Every structure is written in C-alpha cells, then in structure tokens.
Amino acid sequence: MILLEILLLLFLIFCALAAVFAKNLVATVIIFMSYSSVMAILWILLQSPDLAITEAAVGAGVTSILFFLALRKLNQLRGVDRDDET
Amino acid sequence: MMKHDGKPQHLFDRFMRWAEGEDPNQDREVAEDPERAEFIEYLEYIDSHEFLDFGAYRLMRYRERKAKGITQPLPHSSGQGQSVVISQSRIPGRRYRPGRLRSLIRLYRIASIFVAIVMMVTLLGVVLVMPQFGDPDAPAVNEVSERYLEQGVEETGAINAVTGMILDYRAFDTFGESTVLFAAAMSVILLLRHPGRPAATEGSGDLILHRMGMLILPAVMMFGIYVILNGHLSPGGGFSGGTVLGCGLILSALILGRSRMEILLPSKRITKLTVICLLAYGVMKGYSFFTGANHIGWDIPKGTPGAIFSGGFLLPLNICVGIIVGCTMYTFYTLFAGKEE
Amino acid sequence: MNFIQNIPFFSLFLILLSAIASPFLSQKNGALRLAQGVQLAVTLLSGWLLTELWQTGTSFTYQMGHFPAPWGNELKAGPLEALFAASFSLVMLLSFTGGTRDIQRDIRPERQGMFCLLMQLLYAALLAMVYTNDLFTAYVFIEIAAITACVAVVAKESGKSVVAAIRYLVFSCLGSGLVLLGISILYCVTGHLLMEDLGEIIAQLVSGGTYMVPLTAAALLMTLGLSIKSAQFPFHAWLPDAHASATTSASAILSGLVLKGYIVLLIKLIVRVFGDSMLISIYMDDLLFLLGLTGMLFASVAALRQEDVKRMVAYSSSAQISYIFLALGLGSRAGTAAACFQILAHAFTKPMIFVGAGALIRAGRGGHYWSDLRGAAWRDPMAGLAFTVGGLSLCGLPLLAGFSSKYGLAVAALAAEWQTMPALFGIAASSVLNATYYIPAILAIWGKRAEREQLLHHTVQDYQIAIVCFLVCNVILGMGVGPLFEVIYQGLELL
Amino acid sequence: MAELFIQQRFYIGAVLLFTIGLATLFLHPNLIKKIIGLNLMDTSVFLFLAAMGYIEGGRAPIVTLGSETPAYINPVPGGLVLTGIVVAVSTTALFLALTCRLYRKYHSLNLDIILMRAKEEKEDHGQ
C-alpha cells in the first residue's frame with residue numbers, strides 16, 4: 001500500500017514537471033488532466049471520497065474543458081486584427 | 001477524412017486541430033503573418049532554452065526591429081480622440097531601455113529561483129517535524145472533529161459528516177464559497193460576453209460524438225442528480241454533483257449545438273436561475289444564522305437519519321448549491337466556447 | 001441577547017443579498033443607487049454599533065448558526081471592528097458617490113450594473129474580513145476580494161488595465177496560496193481554526209517549546225501572503241499599474257480600502273492569534289519594521305519619478321502602507337494603535353486624492369500627465385481643493401489626518417527600544433519626500449494657463465458633495481486625535 | 001531518517017508539488033503555464049490538507065448507524081478542501097478569461113512580450 005502511494009506521488013510529481021516543461025500547450029493540459037485523475041485516486045486512498053468525486057469532476061472535467069476551450073479561442077483569435085478592442 | 005490523399009487522419013490529429021480552432025475536416029492552412037512567425041520563432045526559442053532565457057532573445061528582436069526603423073509596431077487603438085491631444089502637449093518620456101530591462105529580468109528570475117528553493121527547504125523542514133501522517137493522536141483530532149462525527153447525525157441529520165459540516169456547522173464558509181463562484185461567473189461574463197453579438201451557432205455534425213454522447217448523457221445527468229440528492233447520505237453533495245451536472249450540460253451543448261441549447265436554456269435564464277438559487281441559499285442560511293444566534297426556536301424537522309427527506313435544510317441547500325455550481329460551470333463553457341467575431 | 005449584536009450579521013447579509021439580487025433591477029443606474037443606499041444604511045448601522053460598544057466598553061461574539069464557536073462559524077465585534085466597519089462603509093459610499101461620473105464615462109452602460117454588483121461583493125468581503133473570528137472564513141473572503149478587485153481593475157477595458165489586472169491576479173493568487181498554506185500548517189499543529197482557540201493553543205505550544213518550526217513558518221507564510229496582497233514594499237510591483245489604470249471609484253476603493261482589509265486581518269492575527277511575545281521571539285517585529293522602513297523610502301523615491309498623476313498617487317499608497325508596517329514592527333501596543341490610526345487616516349485621505357485627481361483629469365480633457373493638468377484646478381476648484389488638502393495631509397500639515405497619524409507613530413516610536421532613531425529618521429525623510437512630490441504637483445494644478453478657462457460647472461455635483469464629506473472627515477481625524485486613540489486603545493484591549 | 005521520509009510521504013510530495021507550482025507561477029513567461037502552475041500550487045495544498053485528515057485505519061466519514069463506532073478520518077480538512085477546490089476553479093476561470101482578453105489585444109501568451117508591447121504602446125501614445 002505504501003509502495004503504491006509512493007509510486008502515485010512520484011507519478012504526480014512527474015506529471016507536474018511534464019506539464020510545466022511540455023512544449024505543446026494542448027499536451028500540457030492533457031497531462032494536467034491525468035494529474036487531476038491521479039490526485040483523485042490518491043484521495044480515495046486517503047479515504048476522502050467526497051474530495052475524489054469533486055476533483056475528478058472539477059480537475060479532470062471542467063477545468064480541462066475550460067483550458068481546451070480557451071486554447072481553441074486563443075488560436076482562433078490569431079487572425080483577428082489587433083486593435084479591434086477599444 | 002475525404003480529401004486527405006488517402007492518408008488516414010488520426011483522432012489525436014483531429015483533436016489537436018479542433019483545439020487549435022480549425023475545422024478538423026479541412027486542410028490545414030498556415031497564414032503567412034510576420035508577427036506570428038516571429039512569435040512562433042520566439043516560442044521555439046523559449047522551448048529549446050526554457051528557463052534559461054533571460055530575455056536575451058526578446059532584446060535581440062527588439063534591436064533588430066529598431067534597426068529596421070519599425071519603432072511603432074503596434075497601431076494603437078483608435079477611438080480615443082482625446083489622447084491625440086495629450087500626446088502633442090506631452091514632453092517625451094523616458095525611452096524603453098533594453099539594458100535596464102534585461103538586468104531587471106535576470107534579477108527577477110534569479111531572485112525567484114532563490115525564493116522557490118528557500119521555500120522548498122523551509123517547508124521540507126516544517127513537514128518533517130509536523131505531527132506524523134496517519135497519527136490518531138495528532139492535534140487536529142480534537143473535540144471539534146469528534147463532535148462532528150459523534151453528534152453530527154443527531155444535530156444535523158446528515159450521515160455524511162463532511163456534508164453536515166460544510167452545510168450546517170460551518171455554513172457561513174460555504175455561503176462565501178458559493179459567492180466566490182458567483183463572483184467569478186459574473187466576472188467572466190463581464191470580460192467575455194458581447195451583448196450586441198448573437199451567440200455562436202455551432203452545430204456539431206460529428207457522428208461519433210453524437211451517438212456516444214447520446215449514450216452517456218443520461219448516465220452523466222442521472223449520476224449528477226443522484227450525487228446532489230444523496231449528498232447528506234453518501235459521498236458527494238452539491239459541489240461534486242453540481243460539477244457533474246455542469247459537465248452533463250456541457251456535453252449536451254456539444255451534442256445539440258449551441259443554437260438549440262440556447263432555445264432550451266437561454267443564458268439569461270441560466271443567470272436568473274443562479275441568482276435565485278443563491279438568494280434562496282442566502283435566505284435559508286440567514287434564517288438559521290439569525291435564529292441560532294438569537295436562540296429563537298428551531299423547528300425544522302430533522303427526519304430519520306438515513307432517509308432521503310432528512311437533515312432539515314440540507315437537502316434543499318444541496319439542491320441550491322448543485323444548481324448554482326452546474327449553471328456556473330455551464331456559463332463558463334458558453335462564454336469560453338462563444339466565438340468572438 | 002441585545003438587538004444591536006445582530007448588526008454585523010445584518011450588514012454582511014444586507015450587502016451580500018442586495019448585491020446578488022441586483023441583476024433583477026432593470027432601470028438605469030438601479031444597481032448604483034441600490035449600492036449607495038445599502039452603503040449608507042450599513043454606515044449608519046455600524047456607527048450606531050460603534051457608539052454603543054464604545055460607551056459600554058464591551059465586545060461580543062456572534063454565533064453564526066445553531067452551534068457554538070469551535071464547531072460553528074463566529075463573528076466578533078468590539079469597538080475597533082465597529083470603527084473600521086463604519087469608516088470603511090463611509091469611505092465606500094463616498095468613493096462611489098465621488099466616482100459616479102467616471103463610472104458612467106469609463107464603463108460600458110450594460111456593464112455598469114455588473115460592476116456595482118462586484119464592488120458590493122468586494123465591500124462585503126472587506127467587512128467579513130473585519131468581523132470574522134475564523135481563519136478559514138477569512139481565507140474564503142480574501143479570495144472573493146481578490147477576484148472582485150481584479151475585475152474592478154479590468155472593468156475600464158483599456159489594454160493597459162487588462163495587463164495590470166493579470167499581474168494583479170498573479171500576485172494575489174500567490175498571496176492567497178501562501179495564506180492557505182499557512183492556515184493549513186496552523187490547523188495541522190493546533191487543530192483549530194477559530195482565532196481565540198488558536199491563540200490559546202499557540203501560547204501553550206510556545207511556552208512548551210513544541211512545534212516552533214511549523215508555527216514560525218506559518219506566521220511567516222501568512223504575513224508574507226498578506227503583505228503581498230497589501231503591496232508592502234518588495235512586493236508592490238503590481239500596485240501602480242493596477243491602481244492607476246482602474247476607474248476612479250475602483251482606484252479609490254482599491255487603494256483606500258482593499259489594501260487595508262488585509263492589514264486589519266494581519267493585525268487581528270498578530271493580536272489575537274500569535275500574540276506579541278511569540279512574534280518577538282521569532283523576530284517578526286524587526287522584519288516588519290525593516291520592511292516598513294525600506295518601503296517608506298523606496299516607494300516615495302519611485303513616486304517622485306512618475307509623470308502620470310494616478311501612478312504617482314498609487315506609489316504614494318505603497319509608501320503609506322509601509323508606515324503601517326513600520327508601526328506594527330514597533331511591537332508595542334502603542335505601535336499597533338498608531339497602525340490602526342494610520343489605516344483610518346489613509347483610508348480617508350487617499351480616496352479623496354483619487355476622487356480629486358479623477359475630477360481634475362476630467363477637467364483637463366482626459367490627460368493623465370502633469371503637463372495636461374497644468375492649471376486644471378482653476379477649472380474645477382473643488383477637485384483642486386481635494387487634491388491639495390489630501391496632498392498636504394500626507395505631507396504632514398498639522399490639523400489634518402496625515403499629521404495626526406505621523407504624530408501618533410512618532411510617539412509610539414519614542415517608547416521603542418532600538419527602533420526609535422531609525423523610525424524617526426524614516427518618518428522625517430519620508431515626509432520630506434512626500435512634500436517633494438506633492439507640493440510641485442499642487443503648484444502645477446494651481447498654475448496659470450495661457451488663456452483663463454471657464455469654470456466647468458455652476459451647479460453642485462455629487463462628487464463635490466463627496467469631496468466636502470472627505471474634507472470634513474479628514475479634519476475630524478486631524479483634530480480628534482484624543483478620542484479616536486481612546487477608541488482604538490479600548491478596541492485593542494477588547495480585540 | 002528514511003523512515004521519517006516514508007512516513008511523511010504525502011507531506012513531502014505536497015511540498016515538492018507546491019514548489020513546482022510556485023516556480024512555474026513565478027518563472028514561466030507563458031500565461032497558460034502560469035495558470036497550470038497556480039493549479040498545481042492549489043492542489044498541492046489540498047493534498048497536504050487531505051493527508052492531514054487521514055488517520056491510520058480510519059474510514060471515510062460516512063457514519064454507519066449502528067451500535068459499534070469504527071474509527072473515522074477527520075472530516076474537517078475534507079470540508080476545507082471542498083471549499084478550496086471550488087475557489088480554485090473560479091480563479092482559474094477568471095485567469096483564463098483575462099488571458100483571452102490579453103491575447104485578443106496583444107497576440108501573445110508570453111507575459112514578457114505582452115508587457116513589452118504594452119510598454120511600447122504606452123510610449124508611442126505618449127509621443
């Protein structure tokens with residue numbers, strides 16, 4: 001059990017580093033999703049199912065969707081004239 | 001998939017294209033924009049040097065641009081007639097001084113690396129002397145948490161001690177938290193909504209998404225509603241269930257397309273629903289704070305612990321929180337998914 | 001239970017519920033009028049609370065819900081909290097009134113209602129920080145304040161303000177992250193979140209010498225987080241842009257109140273949770289003192305170099321915040337009292353300057369630079385008067401609020417040990433620096449223009465009423481030092 | 001020493017994650033990465049809190065109605081984390097919205113570039 005927890009923690013740290021150093025922003029967000037899922041698993045191990053459900057729905061769900069949509073919006077804005085904002 | 005010289009298009013590629021705001025079914029076109037090229041070049045440079053770039057590259061580009069005589073790379077925003085008047089009367093200010101900026105940036109980076117390392121070492125020192133992990137005699141296990149666990153069922157009617165705690169014992173925090181969410185939703189609306197423009201109509205014609213979505217959507221919605229309604233009996237509650245519900249709403253918007261979703265749930269109605277739920281929450285909790293503090297009789301029946309209708313205000317509170325959270329998540333989605341132009 | 005004890009709860013819920021309900025208002029300016037009405041009501045209620053508590057010399061706790069303190073949430077109010085609540089409400093009302101025209105000019109009509117809503121939430125968060133007796137509640141309301149304050153900056157919608165807002169958000173997220181970490185560590189070693197219980201257990205731990213490292217770290221983290229949020233000197237990078245690019249009301253509120261809200265919380269932490277003896281044993285007071293001293297000088301020097309009026313005033317805010325930290329760093333009751341007085345003095349002076357500067361900028365055709373404002377005061381003498389009196393007050397002209405607070409600070413410094421000389425030197429040098437940038441500014445706005453311009457208005461405007469109120473408050477603060485310090489000392493005893 | 005490290009594994013992991021998040025928030029010029037850093041920082045504090053509530057052999061705080069009372073974990077940190085998660089998602093949404101606005105104006109996600117362009121714009125304004 002302790003070994004599993006340590007492995008998961010190491011994986012978390014690995015995910016965090018990978019998310020920070022990833023070259024592609026979309027990849028960053030995907031790694032962040034997996035980070036959130038692993039965090040949810042850890043919270044199950046810590047006997048906090050309330051937190052695990054919330055983190056899985058918020059971290060891996062809504063936050064990531066927001067990130068994807070924002071990235072998409074940013075890339076769509078690429079062609080827009082810069083001074084359209086007054 | 002139709003005109004790709006017979007090359008199969010991977011799902012990931014399609015996803016990447018979608019994420020970049022292109023139509024995944026179209027061929028990729030790269031616009032020749034010098035600004036963008038410079039930007040990409042810069043990003044590539046940053047990527048290869050990551051943390052080691054002390055602003056040097058930026059400086060190089062700036063000098064080059066200056067040498068070419070492009071001192072005014074940004075056409076500034078029109079529509080501020082007054083500012084033109086100012087600009088003539090103003091004495092020339094200090095110019096942009098690259099050297100100073102570079103040293104500042106270097107100082108800032110070195111300082112922040114230093115701060116981060118110091119912080120890490122300190123915190124490691126702190127956690128090693130803290131009460132041990134999993135220790136049943138840790139200071140945090142005291143009369144406060146004992147009462148939540150031992151008398152929570154009689155006092156709040158909730159079997160789930162966490163729900164009992166956040167919605168009854170420490171309800172003021174939770175009201176503040178819902179207000180945070182409301183404030184964030186209002187802020188994002190203020191930042192991203194353009195009232196003059198119609199909502200984007202973006203029907204998704206993707207067959208896989210449609211079929212699969214239709215398959216899992218009822219399950220997601222049911223799960224969300226279950227988690228909300230059983231918040232005081234099982235793990236979960238308004239926040240987790242509301243988020244799941246929000247995901248369900250987002251999924252249905254993806255399946256049906258924004259235009260149809262706008263007919264079903266107009267954004268005005270979403271805001272109104274959020275406001276009404278938050279008000280209901282505030283009034284319910286305000287009533288119980290007032291009666292509690294003034295020791296006026298408290299006559300909301302608690303019900304049998306374990307039954308769905310138990311726990312006094314907990315069930316309606318959970319429903320309110322669930323609706324607030326779900327609607328807020330959906331509002332975030334609509335605002336971020338809406339096209340600008 | 002006395003009815004009057006419900007006032008903190010009533011004011012918080014009145015503000016929150018009216019703010020939440022305000023999207024239902026349909027008529028033009030409805031949200032603005034509602035906000036002003038609520039602010040007026042809360043000012044009167046808090047004033048009533050203040051007089052009652054001062055006369056009886058008591059403080060009370062208000063249990064939020066059916067469960068007593070360590071289990072439920074709790075508010076606590078004494079004379080000091082009531083004083084802060086009353087003056088914050090008054091400043092809020094006056095800043096709103098003073099900036100109405102700028103709100104209407106700077107913010108799109110359809111967004112004005114939303115802006116008022118968010119400012120009301122900010123106001124509720126400030127009052128909650130003043131009244132709360134629970135650390136986690138404080139954290140939640142700190143976050144509300146962070147989000148709404150950031151939007152207050154960005155509501156003006158110029159590119160500059162968006163950049164300023166994002167820097168502001170980065171810094172305030174950092175600050176609240178540190179505060180949350182500090183709260184977690186404290187909870188881990190004590191098992192409490194209520195300030196009084198925390199204080200007791202910390203006193204036991206300190207006398208027993210256990211868990212000193214976590215306690216020190218928690219104290220440092222929370223102080224660091226709160227000083228980042230209140231723009232104390234090495235962390236003030238976000239402040240000038242954020243305050244300079246917001247609309248007038250927002251600048252006034254951010255500068256006059258939001259920074260102070262965090263400091264009120266810090267004072268409560270110092271007095272109620274950690275206690276003087278523990279902080280002295282970990283040299284926290286010396287740290288605060290040095291931060292304050294350097295901040296006073298550096299921020300003033302930076303203000304000297306600004307050409308934009310609002311930026312200069314914003315830098316001067318950072319310098320004034322440093323006075324508060326200096327006073328807290330004296331580590332004595334007198335020092336804390338001086339800090340409280342400085343909070344009040346600055347809360348009434350800086351919004352006045354911002355309202356005056358806003359009106360002057362309007363009179364000077366919208367230019368922010370000194371060269372555009374030459375002679376602007378002749379076009380709008382009331383605004384010129386506000387700027388002049390505010391500036392002179394910060395320079396330390398007797399009978400004005402700034403002088404009294406410097407006086408209180410100097411008296412507190414005289415009783416200190418090694419800090420006396422540096423503190424006196426710092427106060428003197430910073431006053432001279434203040435004068436060096438405010439007096440040329442005042443001379444510039446009253447300077448003659450080539451052609452004599454007409455007065456802008458002949459009727460009384462609402463912002464002029466606000467300025468008159470600010471002036472009166474400033475003079476009251478300047479003259480009524482004795483009774484005010486009495487209230488503050490009484491409040492600190494009961495905090 | 002090694003035993004202590006293994007015993008406090010959750011706390012140490014949380015501290016490392018906190019540092020990574022903090023450094024990213026400070027150092028990375030890219031705004032999206034900054035937001036990721038902020039989220040890492042927040043979740044690490046939540047991990048810290050959740051680990052603090054755990055008690056060896058404890059069960060989730062869903063009280064079983066019956067005579068015997070098994071050991072439960074401490075419910076307080078759970079409630080605090082629940083609040084914290086919602087606060088974190090609100091901040092993230094606001095941050096992303098601001099990022100979109102900035103990108104529309106300055107066409108860059110790099111905060112250094114944005115600051116430089118804003119500065120140039122201001123000075124050009126001034127001239």
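**Reading cysteines and nonpolar cores**

User: How far is the sulfur of Cys277(B) from the closest cysteine sulfur?

Analyst: The separation is 4.7 Å, the partner being Cys320(B), and this is too far for a bond. A disulfide is a pair of cysteine sulfur atoms within 2.5 Å. This is a predicted model, in which local features need pLDDT of at least 70 and side-chain atom pairs pLDDT 80 or more, while totals for chains, interfaces and linings use all residues. Residues are numbered from 1 along each chain as its sequence is written, chains are lettered from A and ligands numbered from 1 in written order, and side-chain values use heavy atoms, without hydrogens or water.

User: Is Cys277(B) buried or exposed?

Analyst: Buried means under 20% relative accessible area, exposed over 50%, and partly exposed in between (1.4 Å probe, protein chains only). With 8% relative accessibility, Cys277(B) is buried. Cys469(C), at 31%, is partly exposed; its sulfur lies 6.6 Å from that of Cys473(C), the closest cysteine sulfur, again too far for a bond.

User: How many disulfides are counted over all chains?

Analyst: The count is zero.

User: How is a nonpolar core read, and which residues have the most contacts inside the largest one?

Analyst: In soluble globular proteins, nonpolar side chains tend to be buried together. A core joins buried Ala, Val, Leu, Ile, Met, Phe, Trp, Tyr and Cys residues through side-chain atoms within 4.5 Å. Here the largest has 353 residues, with the most contacts made by Trp43(A), Phe336(B), Phe274(C), Phe387(C) and Leu47(D).

User: What does Phe274(C) touch?

Analyst: Leaving aside residues up to four places away in sequence, Phe274(C) touches Leu186(C), Ile202(C), Leu215(C), Ala219(C), Met222(C), Leu269(C) and Leu279(C), where contact means heavy atoms within 4.5 Å. A second, separate core of nine residues includes Val153(B), Ala60(D), Val63(D) and Tyr72(D).
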